Amino acid sequence: MARSKEFDQEKALRKAVRLFSQQGFAATSTDELMRVMGVGRQSMYDTFGDKRELFLRALEMYVTESVQSINAELEKPGSALSAVRNALVTFAERTDLSSPEGCMGLNAICEFGQRDSEVTRITRNAARSQRHALMLTLARAKNQGELNPNADLDIMADFFESTLAGIRMAAKAGKKRRALQNIAAFAGRVYMGSDR
């Protein structure tokens, strides 16, 4: 008879996300993961597979939730450009953006580049979902008359994505929360004053 899992899988996975966010994949040992997650070796392998499978599941969870929180801000009713600005500011206020922890998605891209097809698939799928929501919001801004009809939405979307990446890197480098908020607010003002 199979023994039931005696731990909260989601809670354990979130603990793995934190450790991978702090240390990356290569620097994190299976023993550290088991200790932090509070699971035995057999339970870990039975539930999550090996360290790589666990990393991929943790990365998928992290980027999916990150994109969902950004998209929720972008999809709020009202002024579309206000939604873009609020998405940036809300992102800069996230508690998981801290120097010791960092962003697991950005860390994975920095560690693996495009050498790992599974990591690339996960991060690209998340980026596509976020880009889709952003483009809809920017198109809404055009329809609302907040943007010039000739505004280049692709350039504006690239700027948004680069701002998010810059905020992530600034947090990882130890910038204070106020500085992150100022970066986001300044970028938001750029949108509010662009192409009118």
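Buried means under 20% relative accessible area, exposed means over 50%, and partly exposed lies in between, worked out with a 1.4 Å probe on protein chains only. Keep that handy for the tour.

This is a predicted model, where local features need pLDDT of at least 70, side-chain atom pairs count only at pLDDT 80 or more, and totals for chains, interfaces and linings use all residues. Residues are numbered from 1 along each chain as its sequence is written, and side-chain values use heavy atoms, with hydrogens and water left out.

**Stop 1: the whole protein**

Show everything as a cartoon. You'll find 9 helices and 0 strands; helices (H or I, at least four residues) and strands (E, at least two) are DSSP runs, numbered from the N terminus. The C-alpha atoms fill a box of roughly 65 × 35 × 30 Å along the principal axes. Of the 196 residues, 45% count as buried. Now think about contacts, meaning heavy atoms within 4.5 Å. Among those with a separation of 6 or more, 72% are between residues 24 or more positions apart.

**Stop 2: the ring cluster**

Select Phe20, Phe25, Phe55 and Phe112, which ring pairs link into a cluster. Rings of Phe, Tyr and Trp (its six-membered ring) pair if their centres lie within 6.5 Å; planes under 30 degrees apart count as stacked, over 60 as edge-to-face and the rest as tilted. Searching the whole structure turns up 5 aromatic pairs.

Start with Phe20 and Phe25: this pair is stacked, at 6.4 Å centre to centre with 25° between the planes. Are Phe20 and Phe25 buried or exposed? Both of them are buried.

Next, look at Phe55 and Phe112. Their ring centres are 5.6 Å apart and their planes sit at 45°, so this pair is tilted. It ties together distant parts of the chain: Phe55 belongs to helix α4 (residues 51-74) and Phe112 to helix α6 (residues 104-112), 57 residues apart. Phe55 and Phe112 are buried too.

**Stop 3: two helices crossing**

Colour helix α2 (residues 30-37) and helix α3 (residues 41-48). They pack at an angle of about 95°, with axes 10 Å apart. The axes are lines fitted to C-alpha atoms, for helices over the stretch in contact, with angles running from 0 to 180 degrees between N-to-C directions.

Which residues of α2 meet α3? Select Thr30, Asp31, Leu33, Met34 and Met37, and you'll see them meet Arg41, Met44, Tyr45 and Phe48.

Zoom in on Thr30. With a relative accessible area of 17%, Thr30 is buried. Leaving out residues up to four places away in sequence, Thr30 touches Arg41, Met44, Tyr45 and Lys51.

**Stop 4: Lys15**

Finish in helix α1 (residues 9-23), where you can pick out Lys15. Lys15 has 34% relative accessibility, so Lys15 counts as partly exposed. Lys15 touches Val36 and Met37, again not counting residues up to four places away in sequence. Last, draw a distance from Lys15 to Leu59: they are 44 residues apart along the chain, and their C-alpha atoms are separated by 12 Å.
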